Every structure is written in C-alpha cells, then in structure tokens.
Protein chains: 2
Amino acid sequence: MEANVIPIMNNIVDKMDMRLTYQRKVILNVLIENIDKHLTANDIYTLIKSKHNIIGMATIYRTIDILNKKGIVIKHDFGDSAAKYELEIEQNKNHHHLICKKCGKVIEMSGLLKDDFYETLLQDKGFECTDYKLKIFGYCADCRNA
Amino acid sequence: MEANVIPIMNNIVDKMDMRLTYQRKVILNVLIENIDKHLTANDIYTLIKSKHNIIGMATIYRTIDILNKKGIVIKHDFGDSAAKYELEIEQNKNHHHLICKKCGKVIEMSGLLKDDFYETLLQDKGFECTDYKLKIFGYCADCRNA
DNA sequence: TTATGTGCAAAATGTTTGCTCCCCA
DNA sequence: TGGGGAGCAAACATTTTGCACATAA
C-alpha cells in the first residue's frame with residue numbers, strides 16, 4: 001500500500017466496523033487511489049488483478065454493497081448499464097454531474113441547488129433529505145465547439 | 001382507445017415521425033393512460049396483455065428506446081434494478097423525485113434549482129444543459145412519523 | 001412493393017446467491 | 001475456535017440481438 005493512502009484508509013476503517021480482510025483492504029485501496037474517479041465493479045476487479053492477487057467478483061459486489069449501506073461508498077448510475085462507485089468523502093458528497101450526451105464525459109460541479117432547499121423540502125413535503133444526486137444532461141464545451 | 005387519449009396521442013404522433021404500427025399505438029396508449037406513473041418495461045407488457053393482444057418484450061424495449069431518443073419518453077433509474085419510463089410531457093419534464101429510503105415511495109416536486117443554473121453552467125463550464133434529473137434521498141413524512 | 005417493424009428464441013450483461021472451505025478477531 | 005467472509009459456479013433479471021416473417025406507407 002502506498003504511504004499516502006494509509007491515513008485515509010485508517011479513517012475509513014474506523015467508520016466501517018467490520019472485519020478487515022485482505023480483500024476488503026485491497027478494494028478500499030483501489031477506491032482511495034481512484035478517489036476522483038467513477039469505477040464499475042469490473043474496473044475495481046481489473047485494477048486489483050493488475051496489482052494484487054485476483055479476488056472474486058462476488059466479493060467486490062458484496063463489499064461495495066456493505067460500504068454503500070454504511071455511507072462509505074456512493075453508487076451512481078449514469079445510464080450506461082453498469083453502476084459506478086466512488087468513495088463518499090466530503091469532497092465527493094452531493095456534488096453534481098454534468099453528463100455529455102455526445103461524448104459521455106462526466107464533469108463534476110456543485111452549487112446549483114437553492115441554498116434553502118433542505119428547509120423547503122421539510123416544510124412543503126415533510127421530507128427529510130439525507131443526500132441527493134443531480135444529473136445534468138447536455139453538451140460539453142468540446143462537443144459544442146466540434 | 002379511450003376518447004380523451006386521442007388528442008394527446010395525435011400530438012405525440014406528430015412529433016414521432018415514424019411508422020405507426022399497432023404495437024406502437026398500444027404502447028403509447030398505455031403510457032398516456034399512466035402519464036402520472038413510472039412504468040417498467042414489464043409493467044407496460046403486463047398492462048398491454050390485460051387489455052389488448054400480447055406484444056413482444058423486444059418490441060417494447062425497441063419502441064421505448066426510440067421514443068426516449070426522440071425526447072418523447074423519459075428513462076428513470078431509482079436504484080431498484082429495472083428502469084422506469086414515463087411520457088416526457090411539459091408537466092413531467094425536469095421535475096425532481098424525492099425517494100424515501102425506508103418505504104421506497106417516490107414523490108414529485110420542482111423548483112429546487114437556482115433560477116440561473118442554466119446560465120451558470122454555460123458560463124462556468126461551457127456546458128449546454130438540455131435536461132436534468134434531481135433525485136433526493138431521505139425519509140418521507142409517513143416514515144418519519146412512524 | 002419495399003423498407004421497416006415484429007416476434008421468437010437465444011445471447012449478452014450485470015448482479016445475486018448457495019454452498020463449501022477459509023481465516024480474522 | 002467460532003462466526004463472519006471468500007471463492008466458485010450456477011441462478012437470476014433485465015436488456016439486446018439475429019433472423020425469418022409480416023406490414024405500413
């Protein structure tokens with residue numbers, strides 16, 4: 001494991017409250033090293049295979065599912081069949097995704113919701129928001145100029 | 001076909017610019033009659049089977065896909081395996097979904113984005129927005145009080 | 001008439017599960 | 001050492017595809 005990954009890993013391990021097996025360490029390691037990317041289960045599998053021993057697909061799905069339920073991993077669906085995962089760190093949390101309908105690129109940004117949306121939801125609908133996903137479809141700068 | 005469906009149907013048919021077969025009419029009919037619902041491909045299949053002749057699943061997927069590409073049908077993914085579809089009428093367009101993490105209920109609302117988000121996207125990222133989907137996860141009034 | 005659409009069945013894809021053996025705490 | 005975890009393969013659900021036949025325009 002690379003040194004700079006260790007403190008992040010420890011931080012997550014504190015939150016997980018589950019047995020720390022070799023496989024789970026390796027999965028977390030890949031997620032941390034790709035903290036700015038969206039990985040499919042198969043991406044994770046391939047990345048692990050290239051650096052460590054092979055681990056089973058079922059283990060990846062089972063682990064990711066647990067991490068997702070514990071709020072450590074976010075599950076995304078950008079419409080291209082396989083679900084994508086990323087670590088739910090503060091920096092990744094509740095950001096928006098701009099998805100280009102031409103080239104498929106995903107750009108991240110934030111700050112498009114009204115500042116008082118949380119209160120509005122509670123008052124108007126009695127709905128308590130824990131998190132949200134905003135997907136914006138359209139055309140990125142490159143594709144618009146092409 | 002029920003009488004009140006005909007004007008909506010004609011409106012859509014004008015937009016589609018594709019051969020109007022028996023199967024496509026029946027699919028559109030079901031979508032119009034359930035304009036306020038989110039249907040899976042299988043829901044559509046079952047609804048058609050109960051009122052008309054059986055049509056093939058492949059036809060449903062192929063038709064819905066075309067309608068989606070033409071902007072007549074919206075495809076949703078609420079995280080429960082099968083994709084859900086609804087007509088993309090003005091009333092359905094760009095609304096938000098509040099998804100209860102306990103009971104799975106989906107509530108619709110709108111008006112949570114900043115008024116100038118379209119311009120912000122264009123200026124800050126050069127991104128031209130055509131449409132968006134905002135999914136808000138949390139707990140509905142019923143589940144919060146239960 | 002002919003390009004397009006349909007149905008069927010088979011295949012592809014992504015994900016989940018049962019069961020046996022393994023290993024972390 | 002005991003109970004949760006892993007691996008494998010088989011099952012599963014949803015969606016896609018190839019091909020022969022049917023049909024709207």
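A residue is called exposed when its relative accessible area is over 50%, and buried when that area is under 20%. The structure described here is a predicted model. At 66% relative accessibility, B:Asp17 therefore counts as exposed. B:Asp17 is placed in the loop of chain B that runs between helix H1 (6-16) and helix H2 (22-33). Its phi is near 55°, a positive value in a residue other than glycine. In chain A, A:Asp17 occupies the loop between helix H1 (6-16) and helix H2 (22-33). A:Asp17 is not a glycine either, yet has a positive phi of about 55°. With a relative accessible area of 66%, A:Asp17 is exposed.

Confidence was examined for chain A. The mean pLDDT of this chain is 88, and 98% of its residues score at least 70. Within chain A, the lowest confidence falls in H1(A), with a mean of 79, and the highest in strand E1 (residues 39-40), at 96. Where pLDDT is low, predicted coordinates should not be read in detail.

Contacts with DNA strand C involve residues from both protein chains. There are 16 residues around DNA strand C, and those that come nearest are A:Tyr61, B:Arg19, B:Thr21, B:Gln23 and B:Thr59. Of the atoms of DNA strand C that come within 4 Å of the protein, 69% belong to sugar and phosphate. Two or more residues of the surface near DNA strand C are given by each of helix H4 (57-69) of chain A, H2 of chain B and helix H4 (57-69) of chain B. By residue class, this surface comprises 6 nonpolar, 5 polar and 5 charged residues.

A pair of aromatic rings is described by the distance of the centres and the angle of the planes. Over all chains, the count comes to 2 aromatic pairs. In chain A, the rings of A:Phe117 and A:Tyr132 have centres 5.4 Å apart and planes at 85°, so this pair is edge-to-face. A:Phe117 belongs to helix H5 (residues 117-125) and A:Tyr132 to strand E6 (residues 128-139) of chain A; the pair thus links distant parts of the chain, 15 residues apart. Both A:Phe117 and A:Tyr132 are buried. In chain B, the ring centres of B:Phe117 and B:Tyr132 are 5.4 Å apart and the planes stand at 90°, so this pair is also edge-to-face. Because B:Phe117 lies in helix H5 (residues 117-125) and B:Tyr132 in strand E6 (residues 128-139) of chain B, the pair ties together parts that are 15 residues apart in sequence. B:Phe117 is buried, with a relative accessible area of 12%, and B:Tyr132 counts as buried at 11%.

A further buried site in chain A is A:His76, which has a relative accessible area of 4%. A:His76 is part of strand E2 (residues 73-76) of chain A. Its side chain makes a polar contact of 2.8 Å with the side chain of A:Glu86. Leaving aside residues up to four places away in sequence, A:His76 touches A:His38, A:Ala83, A:Lys84, A:Glu86, A:His97 and A:Lys133.

Definitions and conventions:
Residues numbered from 1 in each chain as written. Chains lettered and ligands numbered in written order. Predicted model: local features only at pLDDT ≥ 70, side-chain atom pairs only at ≥ 80, totals over all residues. Heavy atoms only, no water. Phe/Tyr/Trp six-rings, centres within 6.5 Å; stacked < 30°, edge-to-face > 60°. Helix = DSSP H or I, 4+ residues; strand = E, 2+ residues; numbered from the N terminus. Buried < 20%, exposed > 50% of the residue type's maximum accessible area, 1.4 Å probe, protein only. pLDDT = per-residue confidence, 0-100. Near = heavy atom within 4 Å. Nonpolar A, V, L, I, M, F, W, Y, C, P; charged D, E, K, R; others polar. Polar contact = N/O pair within 3.5 Å; in protein donor to acceptor, adjacent residues only side chain to side chain. Contact = heavy atoms within 4.5 Å.
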